[in-house]
Amino acid sequence: MAAGTTGKKPFKKHLIVLSAPSGAGKTTIAHYLLARFPEKLRFSVSATTREMRQGEVNGEDYHFISREEFLQRIEAGALIEYEEIFGNFYGTLHSEVDEAIANGEFLIFDVDVKGALSLRRAYPEDSMLLFIAPPDMDVLEKRLRSRQTESNEQIEIRLKRAHMEMLEKDNFDEIIVNSDLNQSCSEAEKIVQACFGEI
């Protein structure tokens, strides 16, 4: 995708969007980037109707809201994108993104593939789409099972979805194959620095 330039510095990308099949490591990399650039990056908090997990904080990990409230926000046009995944809704609020861009802030997103592509459609000049891929599907399955947070049926559903998501990776600006986490974090860091206009 063409990245226009203004003046001496490269065009900045204020929306840094990480997507991956579940278990590929995008959340770990997102947290690394937030820790590496605490003065510049802010996490874009999605809204969801799913139950809060142990250790999660409302308003920091997600905006946890009821299904009824989520549907009301859809009706009001308050969401850039939303999707129902495994029986729960997830979505990105227009208000948070518009305010961040207006203030010159940089947001990092941890969203599914369809959500990432929807963000690009809504903000084509401001989005950098980064796909985190597993080395292969066997490694992905081992990672999902090692978490011990879901049933075999839920894991099978995630694996089927992962196959579909991998087909979309070439629609992203950058692809990182996460075979070594430290190397993947380093690659992501360089991409983000470019988004800041620092490379």
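A: Let's start with a network of salt bridges that links Glu83, Asp112, Lys114, Arg161 and Glu165. Keep in mind that this is a predicted model. The overall salt-bridge count comes to twelve.

Take the Glu83 and Lys114 pair to begin with: their side chains meet in a salt bridge at 3.8 Å, N to O. Glu83 is part of strand β7 (residues 79-85) while Lys114 belongs to helix α4 (residues 113-122), so this pair ties together parts that are 31 residues apart in sequence. As for burial, Glu83 counts as buried, with 15% relative accessibility, whereas Lys114 counts as exposed at 53%.

In general, side chains of opposite charge can pair when their charged atoms come close.

The largest pocket holds about 1200 Å³ of space. Its lining runs to 46 residues, and Lys26, Thr27, Arg53, Tyr62 and Asp110 are the ones nearest its centre. Elements that give two or more residues to this lining are α1, β7, β8 (88-93), α5 and α6, with α1 giving the most, six residues. By type, the lining splits into 15 nonpolar, 14 polar and 17 charged residues.

The second largest pocket has a volume of about 210 Å³. Among the residues lining this one are Arg50, Glu51, Arg53, Gln154, Ile157 and Arg158. β8 and α6 are the elements that give two or more residues to that lining, and α6 gives the most, with three. The lining divides into four nonpolar, three polar and five charged residues.

What does α6 face on the α5 side? Met137, in helix α5 (residues 137-147), touches Leu159, Ala162, His163 and Met166, leaving out residues up to four places away in sequence. The C-alpha atoms of Met137 and Arg158 are separated by 11 Å, and the two residues are 21 apart along the chain.

The largest nonpolar core has 27 residues, and Ile16, Leu18, Leu33, Leu41 and Ile108 have the most contacts inside it. Both α5 and α6 are among the elements that give two or more residues to this core, along with others including β3 (15-19), α1 (26-36) and β9 (106-110). α7 gives the most, with five residues. Setting aside neighbours within four places in sequence, Ile108 is in contact with residues including Ile16, Leu18, Leu33, Leu41 and Phe43. A second, separate core has 18 residues, including Val97, Ala100, Ala116 and Leu119.

How values were computed
Residues are numbered from 1 along each chain as its sequence is written. This is a predicted model: local features need pLDDT of at least 70, side-chain atom pairs count only at pLDDT 80 or more; totals for chains, interfaces and linings use all residues. Side-chain values use heavy atoms; hydrogens and water are left out. A salt bridge is a side-chain nitrogen of Lys or Arg within 4 Å of a carboxyl oxygen of Asp or Glu. Helices (H or I, at least four residues) and strands (E, at least two) are DSSP runs, numbered from the N terminus. Buried means under 20% relative accessible area, exposed over 50%, partly exposed in between (1.4 Å probe, protein chains only). Contact means heavy atoms within 4.5 Å. A nonpolar core is a set of buried Ala, Val, Leu, Ile, Met, Phe, Trp, Tyr and Cys residues joined through side-chain atoms within 4.5 Å. On a 1 Å grid over the protein atoms alone, a cavity is a set of points where a 1.4 Å probe fits but cannot get out, and a pocket is an open set with protein on both sides within 12 Å along at least five of seven lines; lining residues have an atom within 4 Å of a point. Grid points are joined across faces, edges and corners, and a volume is the space filled by probe spheres set on the points. Ala, Val, Leu, Ile, Met, Phe, Trp, Tyr, Cys and Pro count as nonpolar, Asp, Glu, Lys and Arg as charged, and the others, Gly among them, as polar.
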